[in-house]
Amino acid sequence: MKKLILLSTILFAQLSYSAPAASPVDQGLNFYKQKNYRQAALLFYKVAYSSPASDKSKLAAKYYLGLTLNKMKLHQVASFPLVSAAQGNNLSVSTKSFEQIVKASDALDDKSLLYYSLKKTKVEDLAEIGKELFYNRLADMYLDDNNPDRAMAELAKVLALNPENEEALYLKGLSFIKKNDPSSAIVNYEKLYKRYQDKPATSVKKAEATMALARSHYNSKHWADAISLYREIPKDNDLYRQAQAELTWSLFRAAQFRSALSVVQSLNTPYYENFYNPEALVLRSLILLFICQVEDLEKSIQLFQKNYLSTLNVLNVWNGSNYSAIEHFKEVEQTLSQLKKIQDGNLPVFKGRLPFFVLRSILEEPDIKLKVSYLNKIKLEKRSLYVQFQGNPNFLKFGTKIIDARIKNISTEIGEMIKSQLQEKEVELSEFASQFEFINYEMLNLKKEQAKKKAIASSDAPVETNQVNKNDKREFYIQNGYQYYPFQGEFWRDEIGNYQYVGVNRCE
């Protein structure tokens, strides 16, 4: 009987015992392991920002919240709790937080946050992010600071880990260019160029490697090699227009004036009329001056005066008005909207206050392009936030506040960059205007010389019976030094580059 009573007592004690309840952080980790990231994030957020938990628990919750939001691709929202956790007094949490900040900022292309986290991270502490990525980003940072030696030291560490790392090879070539050592850059870029030989013509990496190698040959004054490489960039590649501009200079430096004029004329066709490119017009005018083609030269000067002198006047007034960064950003929004309409096949009247072709050119500047891309990413993230956290107003308010503040700051930064670029364009156009004054002066002298020669010529010289447009054979154009363009009709991308200049040098 005593044994039965004892056994009952033990069973009653076992049934009465219950394990201590799991903490909200532990519950969140369980949801995280089950890949229920939404529920995990809500629990971590509650501990980090809403509950009266200990500082230690809050710090851990902020780290886990950032980790979870990174998994949900809400990188901008993730950065807020991660920065807070990284600045705490727990070394382990701080190190892990910086790792996640690197991931978030790398995904967003947010260089300011990325460089901040890189400076605070030690490579020996890395656990989740790859060391190759870490060293590449450090090299990128040093290149931005115009310190190629430090960049190459970091890249050497990457290539020691992986000699085939493509980004490291590209950045190493760029470092040589910044060190004014194009010959070494050529050796480096050759490796990438050969690696991409079998990739399709539309490959972005292949085009970038080809352009990098072409530029290195140009800097080394290997004109023939540069010309050959620039011509490999296909017409449907985003780098094609830039490749054509650089090809023109290569042909010009190689004294292939006729070929240079053929290419530069493509950059002045109606297809590209909405691009800012006064340099192409200057080069075209110089070539025409060298070969004494007065009629066409006069047209180029008139085109510059019509398109660019009026633009210079607009920039003088705009820059003198000292508009705010936000006013500049409004013009960016108008331009981006117009570009979207063009991509959709429409061409409405542009409603911006600044010339469209100037702003679209500025938006192609690498630093500005990166900022605009970042801005678009966080705008998409805002939409994703609303989709993933519907029905949770507190968390939505938390995430929206973070994103909206960043959107405002980035918009201001872009506006400031545009303001600076417009001031540079004003100076640049003023310099081009001075060059055209010189070209115009030389053209007038050339016309005088040609008039003298014409007056001295024998009055009984045989008269050319054939006239332009009455004989459309190619041989006639060659003999008489005229331009020849075989295509008639609308300008499409397939016809770009079809222009042929087959005229003679009239200076002879």
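1. Basis. Numbering starts from 1 along each chain as its sequence is written. Because the model is predicted, local features need pLDDT of at least 70 and side-chain atom pairs count only at pLDDT 80 or more, while totals for chains, interfaces and linings use all residues; side-chain values use heavy atoms, with hydrogens and water left out.

2. Overall make-up. The chain has 22 helices and 0 strands. Both are DSSP runs numbered from the N terminus (helices: H or I, at least four residues; strands: E, at least two). Of the 508 residues, 45% are buried. Buried means under 20% relative accessible area, exposed over 50%, and partly exposed in between (1.4 Å probe, protein chains only).

3. Surface and contacts. Take the contacts (heavy atoms within 4.5 Å) between residues at least 6 apart in sequence: 60% of them join residues at least 24 apart.

4. Core. The largest nonpolar core holds 133 residues. Such a core is a set of buried Ala, Val, Leu, Ile, Met, Phe, Trp, Tyr and Cys residues joined through side-chain atoms within 4.5 Å. L69, F389, F395 and I418 touch the most other members. Helix α21 (residues 393-456) gives the most to this core, with 17 residues. Not counting residues up to four places away in sequence, I418 touches H328, V332, L359, I362, L363 and I368.

5. Helix α16. This helix covers residues 278-290. Its 13 residues should span 18 Å at 1.5 Å a residue, and the end C-alpha atoms are 19 Å apart, which agrees. The expected span is 1.5 Å times one less than the number of residues. The helix is mostly covered, with 10 of its 13 residues buried. Among them are P278, R284, S285 and L289. The cover includes α14 (240-253), α15 (257-266), α17 (294-320) and α21. C292 follows α16 and has a positive phi, near 60°.

6. K371. This lysine is found in helix α20 (residues 366-388). Its side chain joins that of E413 in a polar contact of 2.6 Å. A polar contact is a pair of N or O atoms within 3.5 Å; within protein, one must be able to donate a hydrogen and the other to accept it, and residues adjacent in sequence count only if both atoms are side-chain atoms. Leaving aside neighbours within four places in sequence, K371 is in contact with I410, E413, I414 and M417.

7. E167 and R137. The structure holds 20 salt bridges, each a side-chain nitrogen of Lys or Arg within 4 Å of a carboxyl oxygen of Asp or Glu. One joins the side chains of E167 and R137 (2.3 Å, N to O). The pair links distant parts of the chain: E167 is in helix α10 (residues 166-178) and R137 in helix α8 (residues 131-144), 30 residues apart. E167 is partly exposed at 33% relative accessible area, whereas R137 counts as buried at 8%.

8. E331 and R353. These two form a salt bridge, with the closest N and O atoms 2.9 Å apart. E331 lies in helix α18 (residues 325-343) and R353 in the loop between α18 and α19 (356-362), so the pair ties together parts that are 22 residues apart in sequence. E331 is buried at 3% relative accessible area; R353 is partly exposed at 42%. Elsewhere, salt bridges that share partners join D106, R137, D140 and E167 into one network.
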